[in-house]
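Let's take a walk through this structure, one chain at a time. Have the viewer open and follow along.

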Amino acid sequence: MTNGMTGDIARPQLSLKVRLRFDRRTGHYLLLYPETGLELSRTATEIVHLCTGERTVDEIAQYLAQTHSDISLVEITRDVCDFLKALAGRGLVQGFK
Amino acid sequence: MNNEYRPYTLIAELTYRCPLRCPYCSNPLGYAGYGNEIDTDTWLRVFQEAEALGVVHLNLTGGEPLLRDDLERLIERASRLELYTNLITSGMPLTFGRLSRFAALGLNSVQVSVQSSGPTESDRIAGAPSFHRKLEVMQWVASLELPLTMNVVLHRDNIDEIEELIALAERVSADRLELANAQYLGWALKNRVALLPTREQVETARTIASKARERLRGTMEVIFVTPNYYSVHPKPCMDGWGRRFIVVNPEGLALPCHLAHTLPGLRFDNVTKRDLADIWHHSDGFNEFRGNRWLPDVCRNCDRHTKDFGGCRCQAFHVTGNACATDPACSLSPDHGLIESARSQASQSAGVPILFEYRTGRGFSQA
């Protein structure tokens with residue numbers, strides 16, 4: 001992964017059980033699913049919004065790299081993978097292992 | 001905005017009526033003595049007030065919420081308020097058509113209870129023929145692509161079926177499997193001798209559930225809730241009194257938990273008489289056990305009170321007679337002997353058939 005690319009062809013998207021909603025009280029987005037939810041950081045929110053089932057992980061990372069020029073693509077890719085892995089472990093995204 | 005006391009979940013107990021008679025029902029004993037159910041418009045207003053307070057999850061429960069013929073209107077409003085709405089049901093009485101309408105109106109998920117992995121035993125525990133219908137309903141839920149939670153309340157007569165229960169949940173494509181040991185309050189406390197499993201039963205079940213959790217990670221969430229009679233520390237009941245949950249019961253009482261009104265000397269307000277935000281922030285009942293000032297010394301001198309909030313107030317009262325005591329489930333509680341003796345009773349009566357009393361509207365079975 002020297003160039004920061006995963007080569008993964010999967011296109012992650014939120015699972016059917018997940019709803020994303022804005023929380024007026026905190027200004028953060030919430031990822032809601034049965035019985036509980038996650039409060040998303042700004043970066044996490046950006047990633048989740050890009051998980052439409054149309055982009056690969058590499059495309060998501062490249063998109064984010066355009067607006068976060070201070071962070072390397074390698075780092076961004078790693079962060080995106082870590083985050084999606086955590087969501088996939090809870091069954092909150094499909095198309096990512 | 002201070003998030004220390006913010007309700008995220010509204011538990012709407014729409015009715016205490018139910019076609020089933022489970023002996024561990026979470027409704028209060030003698031629920032038939034309660035007042036009339038609040039009407040549709042009141043519920044719609046409560047949802048709106050709850051959302052304004054910060055609530056994002058709505059549990060429609062009971063009794064059996066399907067017995068309310070205004071469920072469609074409630075789901076529609078909840079969806080418009082962007083509440084994540086979960087229907088908690090026995091699956092009866094329901095048609096595929098009605099469930100499809102709920103889905104179209106924006107219902108987010110469905111939780112169906114199953115009493116055992118097979119029809120005979122499940123129907124015996126439920127006190128009514130229901131198992132086959134539950135299977136059908138769970139298949140409907142899956143076919144509508146609604147997230148499905150299969151819930152099983154565990155006790156000594158069904159806890160040895162963990163493998164079969166997991167297999168059943170996989171067969172009906174559940175997204176979540178809740179293997180929740182009975183909490184010994186209300187009906188379950190009344191039936192404790194007939195329900196409390198042994199430590200060996202709990203440990204065996206826990207091990208099997210953990211393996212299934214690993215195997216199914218990402219596909220089906222497997223949740224195992226230990227009976228707090230077998231945990232070293234008490235549960236952070238409701239994540240702390242008046243911190244994260246509001247229960248509104250069928251007659252409109254706003255409560256920190258579904259049995260708070262069984263505690264003596266507390267005053268709770270009715271949503272027909274007082275705005276929900278006012279009740280949440282300012283009512284005596286919600287403020288009674290917030291913060292540290294009420295804590296017994298055992299808890300005050302223990303670091304864990306920031307995690308468990310002293311445990312369950314209802315358990316403290318119903319087991320020790322003192323609602324302000326440390327939860328007796330805690331090994332540091334001076335009353336912990338009461339829990340230990342219940343455990344040894346369970347161990348001595350292991351394998352001996354014991355009849356439980358079904359829930360009835362009178363509060364006491366006449367059978």
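A quick definition before anything else: the expected span of a helix is 1.5 Å times one less than its number of residues. Keep in mind, too, that this is a predicted model.

Now try that rule on chain B. Helix H5 of chain B covers residues 131-143, so its 13 residues at 1.5 Å each should span 18 Å, and the 19 Å between its end C-alpha atoms agrees.

What does this helix pack against? Start with its buried residues: B:Phe131, B:Lys134, B:Leu135, B:Val137, B:Met138, B:Trp140 and B:Val141. Just past the end of H5(B), look for B:Glu145, whose phi is positive at about 60°.

Over to chain A, which has three helices and five strands. Going along the sequence, the order is β-β-β-β-α-α-α-β. Chain A has a radius of gyration of 13 Å, close to the 13 Å that the globule rule gives for 97 residues, so it is as compact as a globular protein of that length. Its C-alpha trace spans about 40 × 25 × 20 Å along the principal axes.

Inside chain A, 39% of the 97 residues are buried. Of the contacts between residues at least 6 apart in sequence, 56% link residues at least 24 apart.

Notes: Residues are numbered from 1 along each chain as its sequence is written. Chains are lettered from A and ligands numbered from 1 in the order in which they are written. This is a predicted model: local features need pLDDT of at least 70, side-chain atom pairs count only at pLDDT 80 or more; totals for chains, interfaces and linings use all residues. Side-chain values use heavy atoms; hydrogens and water are left out. Helices (H or I, at least four residues) and strands (E, at least two) are DSSP runs, numbered from the N terminus. The radius of gyration is taken over C-alpha atoms; the globule rule is 2.2 Å times the number of residues to the power 0.38. Buried means under 20% relative accessible area, exposed over 50%, partly exposed in between (1.4 Å probe, protein chains only). Contact means heavy atoms within 4.5 Å.
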